[in-house]
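Let's walk through this model together, from the overall fold down to individual side chains. Please keep the viewer open as you read.

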Amino acid sequence: MKNKTFVPLIIFFLGLTLLFFLLHQFFGDQPVDFRVLLGGNTILFLVGLISFRMNTGAMKHQHTQGFLRLVYGAFIFKFFILAIAAFVYIAIFKKMINKPALFGCLGLYFIYTFIEMRSVMKMSKKPNA
């Protein structure tokens, strides 16, 4: 990709992955399961990249319908992928669900969404977006 506006997303992902890996190594028996946070971070990053590409593609559309289709499509894609991931985790672990890690993933969702939207908004202000 020629556009470098997604770099903050990559830096945030790599920083969190390193942090969670180190925390898992040093504090493996803590109430937060860092493996769940690592998995959630990876899923959020991948879904965020796809959503980012859909949103930047939406800005290039000449027609309102195309713009709305991509923006809403990115939201629905992100919603369903993350809902499926959460349901799979809950179905597999049932009574052993790590609630602090699950809520940590929810917090990561908000941070990833903020970074993604900030990057898209910065890109939209450029003259040749």
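This is a predicted model: local features need pLDDT of at least 70, side-chain atom pairs count only at pLDDT 80 or more; totals for chains, interfaces and linings use all residues.

A residue counts as buried under 20% relative accessible area, as exposed over 50%, and as partly exposed in between, with a 1.4 Å probe and protein chains only. Residues are numbered from 1 along each chain as its sequence is written, and side-chain values use heavy atoms, with hydrogens and water left out.

Now for the overall layout. The protein chain has four helices and zero strands (DSSP runs numbered from the N terminus: H or I of at least four residues for helices, E of at least two for strands). Read from the N terminus, the order is α-α-α-α. The C-alpha trace spans about 55 × 30 × 20 Å along its principal axes. Contact here means heavy atoms within 4.5 Å. Among contacts between residues at least 6 apart in sequence, 71% join residues at least 24 apart.

What holds the inside of the model? In soluble globular proteins, nonpolar side chains tend to be buried together. A nonpolar core is defined as a set of buried Ala, Val, Leu, Ile, Met, Phe, Trp, Tyr and Cys residues joined through side-chain atoms within 4.5 Å. The largest one has 17 residues, and Phe 20, Leu 37, Leu 108 and Tyr 112 have the most contacts inside it. Helix 1 (7-26), helix 2 (34-59), helix 3 and helix 4 (99-124) each contribute at least two residues to this core, with helix 2 giving the largest share, six residues. Take Tyr 112 as an example: setting aside residues up to four places away in sequence, Tyr 112 touches Leu 9, Phe 12, Phe 13, Asn 41, Leu 44 and Phe 45.

Next, find Met 59, which lies in helix 2. This residue is partly exposed, with a relative accessible area of 21%. Beyond its neighbours within four places in sequence, Met 59 is in contact with Phe 67, Val 120, Met 123 and Ser 124.

Rings of Phe, Tyr and Trp (its six-membered ring) pair if their centres lie within 6.5 Å; planes under 30 degrees apart are stacked, over 60 edge-to-face, and the rest tilted. The whole structure holds seven such pairs. One of them is stacked: Phe 75 and Phe 79, at 6.3 Å centre to centre with 20° between the planes. These two are separated by about one helical turn because they sit four residues apart in helix 3 (residues 64-93). Phe 79 also pairs edge-to-face with Phe 80, at 5.4 Å and 75°. Together, Phe 75, Phe 79 and Phe 80 form one aromatic cluster. Phe 79 is partly exposed at 48% relative accessible area, and Phe 80 is partly exposed at 48%.
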